[in-house]
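Please look through the model shown here with its confidence, its helix packing and its aromatic rings in mind.

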Amino acid sequence: MFKRMLSAFGVGGPSVDTVLDTPHVVPGQVVTGQVRIQGGSNEARIDQVVLSLVTRVEVEHGDHEFGGTAEFLRVQVAQGVHVAANQPVSVPFQVPVPWEAPITAVGGQPLPGMTVGVRTELVISGAPDKGDLDPLLIGPLPSQDRVLEAFGQLGFQFRSADVEAGRIHGVQQELGFYQEIEFFPPAQYAGALSQVELTFVANPHELVVVLEADKRGGMFSSGGDSFGRFHVSHQDAMQTDWAGAIDQWLAQVSQRGGHAAFGGGHQAYGQPGYGQPGYGQPGYGHGYDQHGHHGHRRGPGMGGVVAGAAAGVVGGMIIGEALDDAFEDDGGDAFGGDEE
């Protein structure tokens with residue numbers, strides 16, 4: 001990002017430029033880099049240097065949906081920084097990426113609709129001065145990549161992705177939002193299902209995979225949402241036959257009525273969860289056929305699917321701030337709030 005002048009000092013004040021060592025990470029890793037401050041014509045003192053991770057979040061309110069900015073991690077990396085006139089100062093930093101951070105790139109390709117940024121904020125005389133906002137590409141964990149690979153094998157087609165404010169019924173979360181990656185179903189299920197949504201919730205030890213299928217209504221049956229939930233360790237996720245598990249779930253959802261399967265549903269933001277026990281056997285969700293392995297069988301993979309489509313604080317959020325100049329050097333407003 002280009003250097004930005006710190007408005008609190010006016011013309012001739014210091015400028016800031018945040019440089020990431022790498023813009024590519026996965027959940028649970030640490031982002032490293034330097035905040036480079038160039039002194040202006042007069043010396044200056046910066047009380048705090050703060051970095052945060054922000055993303056765009058959709059919030060439902062009544063019959064409307066609003067887009068806003070969610071700050072989901074905030075770290076003070078330095079305080080009491082003295083900047084001499086016309087002299088550079090470099091502040092190294094390390095920022096941990098939450099395990100529940102949304103995925104913004106798959107197979108090396110940006111995931112359409114998804115944006116996460118590292119925002120630099122300098123506090124001067126008690127007033128924040130927001131400087132850089134640098135894009136961060138967050139790829140899937142190996143365990144998540146196995147699930148995405150299965151979606152590619154089964155013939156799903158990417159539709160869209162976003163981040164929704166709220167929590168998932170029956171799943172422990174640190175962040176107050178979850179990511180939904182939406183797909184058109186494989187051809188053999190297109191007559192019964194309109195779309196399938198995939199959500200990951202990860203922690204250092206476990207991966208939760210949540211599936212939601214929108215079932216089409218028929219002449220003698222009503223449509224509705226069916227849910228699947230799989231709890232599995234990262235190690236077991238690498239050995240699970242995800243294509244087989246997801247295909248079996250799709251077949252059962254397509255053939256049966258009801259509004260839930262193998263677990264609970266999403267909890268609406270600020271409302272009690274509506275998920276119900278599914279018809280799966282008790283204890284299901286520790287991975288379908290944990291010992292099944294599809295060996296070297298590989299489909300086109302989600303990297304190809306996405307590439308084709310493209311031709312708060314931890315535990316809470318800060319919603320509603322419009323960042324009109326976010327990523328402006330990329331030619332657009334990636335975070336600005338709006339009503340849809």
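The paragraphs below take up these topics in turn.

This is a predicted model, in which local features need pLDDT of at least 70, side-chain atom pairs count only at pLDDT 80 or more, and totals for chains, interfaces and linings use all residues. Residues are numbered from 1 along each chain as its sequence is written, and side-chain values use heavy atoms, with hydrogens and water left out. The average pLDDT (the predictor's confidence in each residue, from 0 to 100) is 76 for the protein, and 68% of the residues score at least 70.

Helix 1 (residues 142-154) packs against helix 3 (residues 242-255) at an angle of about 60 degrees, their axes lying 8 Å apart; helices here are DSSP runs of H or I with at least four residues, and strands are runs of E with at least two. The axes are lines fitted to C-alpha atoms over the stretch in contact, with angles from 0 to 180 degrees between N-to-C directions. In contact (heavy atoms within 4.5 Å) are Arg146, Val147, Ala150, Phe151, Gln153 and Leu154 of helix 1 with Trp242, Ala243, Ile246 and Asp247 of helix 3.

Six aromatic pairs are found in the whole structure, a pair being rings of Phe, Tyr or Trp (its six-membered ring) with centres within 6.5 Å, stacked if the planes are under 30 degrees apart, edge-to-face if over 60 and tilted otherwise. Phe72 and Phe177 have ring centres 5.5 Å apart and planes at 85 degrees, so this pair is edge-to-face. Phe72 belongs to strand 6 (residues 64-83) and Phe177 to strand 15 (residues 177-184), so placed that the pair links distant parts of the chain, 105 residues apart.
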